Amino acid sequence: QVQLVESGGGLVQAGGSLRLSCAVSPRTFSLSRVAWFRQAPGKEREFVGSITWSLGYTNYANSVKGRFTISRDAAHITVYLKMNSLKPEDTAFYYCAAYDATTGQYAYWGQGTQVTVSS
């Protein structure tokens, strides 16, 4: 059973920073790509960014480009989302998801972590 566990959310003032973590298990799971999504109250879930596991290629939504950075730690099977210059509109529940190449979908999801940015 593939599990993803997010941590690191919280309350921060506008302009501040947070780093979210996404721990993936088991170690035997063949990761190809991990993404971060977010969902604000009353809004659709939106893509934040992703990283390929083997080469570390990243891709970001325009709304976070230049402010958010995704990285990975192969030794600990963990993906990070570093968020700088946070804005109130970044307030949302943040989820990480692992891509399943056999189905072509993000098939495995974490439980999410809340990020609240105060103005």
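Student: Okay, ground rules: helices (H or I, at least four residues) and strands (E, at least two) are DSSP runs, numbered from the N terminus. With that in hand, where is the place of Gly8?

Tutor: Gly8 sits in the loop between β1 and β2 (10-13). Before we go on, this is a predicted model, where local features need pLDDT of at least 70 and side-chain atom pairs count only at pLDDT 80 or more, while totals for chains, interfaces and linings use all residues. Residues are numbered from 1 along each chain as its sequence is written, and side-chain values use heavy atoms, with hydrogens and water left out.

Student: Switching to sheets. In what order do the four strands of the open sheet come?

Tutor: The order is β1-β3-β8-β7, with antiparallel pairing. β1 (3-7) and β7 (68-73) are at the edges with a single partner strand each, so one side of each has no neighbour in the sheet. From one strand to the next, the twist averages 15°; for such angles, axes are lines fitted to C-alpha atoms, for helices over the stretch in contact, and angles run from 0 to 180 degrees between N-to-C directions.

Student: How many bridges join β1 to β3?

Tutor: Five, with the two strands antiparallel. Two strands pair if DSSP finds at least two bridges between them. β3 and β8 are joined by six bridges, and six also join β7 to β8 (residues 78-83).

Student: New topic. How many disulfides does a search of the whole structure find?

Tutor: One. Cys22 is joined to Cys96, S to S 2.1 Å, and a disulfide here is a pair of cysteine sulfur atoms within 2.5 Å. The link of Cys22 and Cys96 is right-handed, with 75° about the S-S bond. Cys22 is in strand β3 (residues 18-25) and Cys96 in strand β9 (residues 92-100), so the pair links distant parts of the chain, 74 residues apart.

Student: Is Cys22 buried or exposed?

Tutor: Cys22 is buried, at a relative accessible area of 0%, and Cys96 is buried at 0% too.

Student: What about the core? Which residues have the most contacts inside the largest one?

Tutor: Trp36, Leu81, Met83 and Tyr94, in a nonpolar core of 31 residues. A nonpolar core is a set of buried Ala, Val, Leu, Ile, Met, Phe, Trp, Tyr and Cys residues joined through side-chain atoms within 4.5 Å. Two or more residues each come from β3, β4 (33-39), β5 (46-52), β7, β8, β9 and β11 (113-118). A second, separate core has five residues, including Ala35 and Phe37.

Student: Now Asp90. Buried or exposed?

Tutor: Asp90 is buried, with a relative accessible area of 1%, and lies in the loop between β8 and β9. The Asp90 side chain makes a polar contact with the side chain of Arg67 at 2.7 Å. A polar contact is a pair of N or O atoms within 3.5 Å; within protein, one must be able to donate a hydrogen and the other to accept it, and residues adjacent in sequence count only if both atoms are side-chain atoms.

Key: Buried means under 20% relative accessible area, exposed over 50%, partly exposed in between (1.4 Å probe, protein chains only).
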